[in-house]
Amino acid sequence: MEDARASEEDAEEMPLKEEVVLYEDVEYIEEYVHTLDDEQSFEVENNETSTEANAKYITQIESIDQALEMLQNSVWSIKAPERTGTMGRKLAHARSVPVGLAKSAKTPAECLSLFLDPSVIAMITEYTNEQIRKEQVNYSRERDANFTDETEIMALLGVLYIAGTVRDARENIERLFDTKMGTGLEAVYLTMTSLRYHFLIRCIRFDDPASAQDEIEGDKLAPIREIYERIVSNCQKNVRPGRFVMLDEQTVQFKGKCEFRQFLPNAPGRAGFKFYLLADCDTSYVSNLEICVPDNQNPHNLSYAPTDVAMRLTEPIQGRQKTVILTSPFTSPELIKRLYDSRTMAIGEVKKTCPDLPKAFIMSKNRPEHSTLVAYHDPATLVSYVTKRKDVMLLMSSFAEIDPEGEAEQNESNKYDQQIKLVELYNRTKTTIRTIQQMCVQFSVVRSTRQWPLAVFFNLLNLSAINAWCIYRMNRPEEGKLLRRDFLVTMALDLLRPQARRRLYNKTIPRLLKQRIGMFLGMSREEYETVPVLSNRKDSRGRCYLCGRARNKTTRISCNGCGKFTCSAHCAQLCRTCYMDESIGEEQE
């Protein structure tokens, strides 16, 4: 009896497998399990257990009929394909680097000008002035509808960016222009008035207003296509992306009228635009993007099937041994095959409803944690991984890290390690586009508008600012800990200062405002208040420059040094001796 009880206790403590019979002749699935006890494993054979150094075991199936049932209607195989060429070689882990003019961009404003270049600003200025010309008939005073220029357009963008840093998106921007309640930003109301800001926002255009209606009939994106294509081209040419890039969707909320506005159930507002982004996984740099405009007119009528979208966006990097991270809407054997033929690897998550998936790969029952199942269909590899929550993650990839010459020497433990690395790589890079969208929302330049070209332009501004920040960090790695908000504030102030400097020399602004602009620009009083000395002003009369305009006090007294009129309340009388002593002391200093 004691021997029987001991044998029962030993049987309870022994880690037994769920399966009963092992069939090694069923060449279909291999499963590798990672254990924590110094990679020890148990191999069941003839009802005996033995400990080995490597952690592995082949999935045990109850019967041949069950395995064949799992295999029916499947295109996958356990035998890895023999790959030829360079796709399987070890590749250098290239990192993102600026190219061309981007290598010499050192300041935040210079980094932004790589995307909003002078040609983009010149086009916006030209088309905005055309719209202002049409609006001038509605104003009685010419100064209320003056033409704009590149400096003022850059200042307008600076106002939008600095409003985003205080998270004022879609809020009443009048708070930023307030000078009485204390809620305003000094850099904003010193640069332009709120009336001028609203006028420019209302009149800004991105195409010729005269031919806008005719162009819309042939192209739904015509009101902003010229600017949009220019910014996309700048994103492609300024940075060489690293080895791993991700492709995913970005949604932009918009509730106004637009022919290609879409219903987005998972996006805030449930309506808006859909962008497709291709971004570097290490730096979050957006190297390519495309807006979804379905049912457009030729030659702009494109197919927005996931495979076609992926091939268009990855065209600039095809043939350069890059690896594209895909989300479940894009992942398919067809796309992986087409990317592989263009010398581009891919890793993507697969939905469980995808056709031709083996049943064993979808189920997690009786499968240990962190176990993997592998199947092949040239050139794709299907990996089924059991997570900590006993859920199944399905990955499809053509990613290869090893030399084809060394594949024969690899054991099953090395194969398992590669599959775990594949899962870790996907988990590390799958949130790239989601992070970019969160960055756009965090410091957004978006204002409430019913003009869809303006809503699209706001999103292009957000993405351009993110790309500028990425280039700035790559060019100045010593400032890698610079907060993005500090970068945006510095960039916005650089855009505002030229317009504020121009406003400083406007003779009609109040003296107090001129002093505050001079302090904002870091200028001394002598630099912007230079008045020529007039030798003879005895018979002339003028307003005291120190008295307020409302007081309007005139006087005949003028300063002996600068020639300005000063009233008796703002001047002091000195005898000739004291005056001479002060003059000698100043000369000695």
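Which residue in S11 does leucine 326 stand opposite? Keep that in mind for the second view. A quick heads-up before the tour: this is a predicted model.

**View 1. The whole chain, before we zoom in.** The protein has 589 residues, and 46% of them count as buried. Its secondary structure comes to 19 helices and 16 strands. Take the contacts with a separation of 6 or more: 66% of them come from residues 24 or more positions apart.

**View 2. Strand S10 and its two partners.** Here's the answer to the opening question: leucine 326 stands opposite glycine 348 in S11. Strand S10 covers residues 323-326, and strand S11 covers residues 345-349. The two pair in the parallel sense, over four bridges. S10 also runs parallel to strand S6 (residues 244-253), and four bridges join that pair. Between S10 and S11 you can pick out helix H11 (residues 333-341), and the three together make a right-handed β-α-β unit.

**View 3. The two sides of S10.** In a regular strand, side chains alternate between the two faces of the sheet. Now check S10: Thr323 and Ile325 point one way, while Val324 and Leu326 point the other way. Buried or exposed, these four? They're all buried.

**View 4. Helices H5 and H7 crossing.** Two packed helices are described by the angle between their axes and the distance between the axes. For H5 (residues 150-165) and H7 (residues 194-203), the axes come within 11 Å and cross at roughly 100 degrees. Angles of 65 to 115 degrees count as roughly perpendicular, so that's what H5 and H7 are to each other. Glu152, Leu156, Val159 and Leu160 are the H5 residues here, and they meet Arg196, Tyr197, Leu200 and Ile201 in H7. Sort the residues of this contact and you get six nonpolar, two charged and no polar.

**View 5. Helices H9 and H15 side by side.** H9 (residues 222-237) and H15 (residues 452-475) pack at an angle of about 10 degrees, with their axes 10 Å apart. Angles under 35 degrees count as roughly parallel, so H9 and H15 get that label. On the H9 side, the contact is made by Pro223, Ile224, Ile227, Tyr228, Ile231 and Cys235. H15 brings Trp452, Pro453, Val456, Phe457, Leu460, Ser464 and Asn467. The residues of this contact divide into eleven nonpolar, two polar and no charged.

View 6. Leucine 114 sits in the loop between helix H3 (108-113) and helix H4 (118-135). Its relative accessibility is 11%, so it counts as buried. Leaving aside neighbours within four places in sequence, leucine 114 is in contact with Leu101, Ala102, Ala105, Asn234, Asn238 and Ile471. Leucine 114 and isoleucine 471 are 357 residues apart in sequence, yet 9.7 Å apart in space, C-alpha to C-alpha.

View 7. Most residues other than glycine have a negative phi, and most peptide bonds are trans. Proline 299 lies in the loop between strand S9 (286-291) and helix H10 (306-313), and the peptide bond from asparagine 298 to proline 299 is cis, with omega near 5 degrees. Arginine 167, in the loop between H5 and helix H6 (186-189), has a positive phi near 55 degrees. Serine 284 also has a positive phi, of about 65 degrees, and its loop runs between strand S8 (271-280) and S9. Arginine 167 is exposed, with a relative accessible area of 54%, whereas serine 284, at 15% relative accessibility, counts as buried.

Conventions
Residues are numbered from 1 along each chain as its sequence is written. This is a predicted model: local features need pLDDT of at least 70, side-chain atom pairs count only at pLDDT 80 or more; totals for chains, interfaces and linings use all residues. Side-chain values use heavy atoms; hydrogens and water are left out. Axes are lines fitted to C-alpha atoms, for helices over the stretch in contact, and angles run from 0 to 180 degrees between N-to-C directions. Angles under 35 degrees count as roughly parallel, over 145 as roughly antiparallel, 65 to 115 as roughly perpendicular and the rest as oblique. Contact means heavy atoms within 4.5 Å. Ala, Val, Leu, Ile, Met, Phe, Trp, Tyr, Cys and Pro count as nonpolar, Asp, Glu, Lys and Arg as charged, and the others, Gly among them, as polar. Buried means under 20% relative accessible area, exposed over 50%, partly exposed in between (1.4 Å probe, protein chains only). Two strands pair if DSSP finds at least two bridges between them. A crossover is right-handed if, with the strands pointing away from the viewer, the path from the first strand over the helix to the second runs clockwise.
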